[in-house]
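Hi there,

Here is the structure I promised to pass on to you. Please have a look at it first, and then read on for what was found.

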Amino acid sequence: MILNKPIITTFLSLCLIVPSTLAAQSSQSDLKSTLQNANTAYDSGNWSSAKTLYQKALDTAEDGSELQAEAALNLSHLLWEQGEYIQASEFAEKALNIAEKRNLKEGLGRLLLTVGHIEASRGK
């Protein structure tokens with residue numbers, strides 16, 4: 001039996017690509033779930049859990065991704081509410097950089113509002 005090399009190469013490529021694509025989709029789903037759980041914790045006043053979950057989402061999100069910007073923005077807002085203005089400013093800046101690079105208009109509006117709150121609280 002003669003094997004067709006292009007067919008074998010294609011098959012092997014698919015064997016490698018499909019699992020990694022599924023893993024990436026699962027990772028995205030897990031990250032969105034983590035952000036949703038963080039938002040729920042935040043809304044219910046469980047700020048300690050929210051902070052931990054936002055940090056986890058920030059650490060596991062793809063660098064420079066929209067989800068990383070969202071996690072950084074939400075974490076900065078939480079830190080601002082806790083009076084941790086310097087840390088809040090750092091995370092807001094990270095989110096702002098991502099939002100500007102990715103042209104996330106809605107995110108930019110929310111970010112500028114959060115930065116304004118932080119700066120006003122710092123007396124600037």
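A definition first, as it is needed for the pocket: on a 1 Å grid over the protein atoms alone, a pocket is an open set of points with protein on both sides within 12 Å along at least five of seven lines, and its lining residues have an atom within 4 Å of a point.

Two notes on the model. This is a predicted model, in which local features need pLDDT of at least 70 and side-chain atom pairs count only at pLDDT 80 or more, while totals for chains, interfaces and linings use all residues. Residues are numbered from 1 along each chain as its sequence is written, and side-chain values use heavy atoms, leaving out hydrogens and water.

Back to the pocket. Its lining includes Glu 66, Glu 70, Leu 73, Ala 99 and Arg 110. Two or more lining residues come from each of α3, α4 (85–102) and α5 (105–121), and α3 gives the most, with four. Six of the lining residues are nonpolar (Ala, Val, Leu, Ile, Met, Phe, Trp, Tyr, Cys or Pro), three are charged (Asp, Glu, Lys or Arg) and one is polar (the others, Gly among them).

As for the whole chain, there are five helices and zero strands, where helices (H or I, at least four residues) and strands (E, at least two) are DSSP runs numbered from the N terminus. Buried residues, meaning those under 20% relative accessible area with a 1.4 Å probe and protein chains only, make up 30% of the 124 residues.

Of its 30 residues, Leu 35, Tyr 54, Leu 58, Leu 75 and Leu 111 touch the most other members. Each of α1 (5–43), α2 (47–60), α3, α4 and α5 supplies at least two residues of this core, and α3 gives the most, with nine.

Setting aside neighbours within four places in sequence, Ala 71 is in contact (heavy atoms within 4.5 Å) with Leu 35, Tyr 54, Ala 57 and Leu 58. The C-alpha atoms of Ala 71 and Leu 58 are 5.3 Å apart, though 13 residues separate the two along the chain.

Over in helix α5, Thr 114 is also buried, at 5% relative accessibility. Beyond four places in sequence, Thr 114 is in contact with Leu 73, Ser 76 and His 77.

Which rings are stacked? Tyr 42 and Trp 47 are, with centres 5.9 Å apart and planes at 10°. Rings of Phe, Tyr and Trp (its six-membered ring) pair if their centres lie within 6.5 Å, and planes under 30 degrees apart count as stacked, over 60 as edge-to-face and the rest as tilted. Tyr 42 is buried, at 18%.

Last, have a look at Asn 103, in the loop between α4 and α5. Its phi is near 55°, a positive value in a residue other than glycine.

Best wishes

How values were computed. 1 Å grid on protein atoms, 1.4 Å probe; cavity = no way out; pocket = protein on both sides within 12 Å on 5 of 7 lines; lining within 4 Å. Core = buried A, V, L, I, M, F, W, Y, C linked by side-chain atoms within 4.5 Å. Buried < 20%, exposed > 50% of the residue type's maximum accessible area, 1.4 Å probe, protein only.
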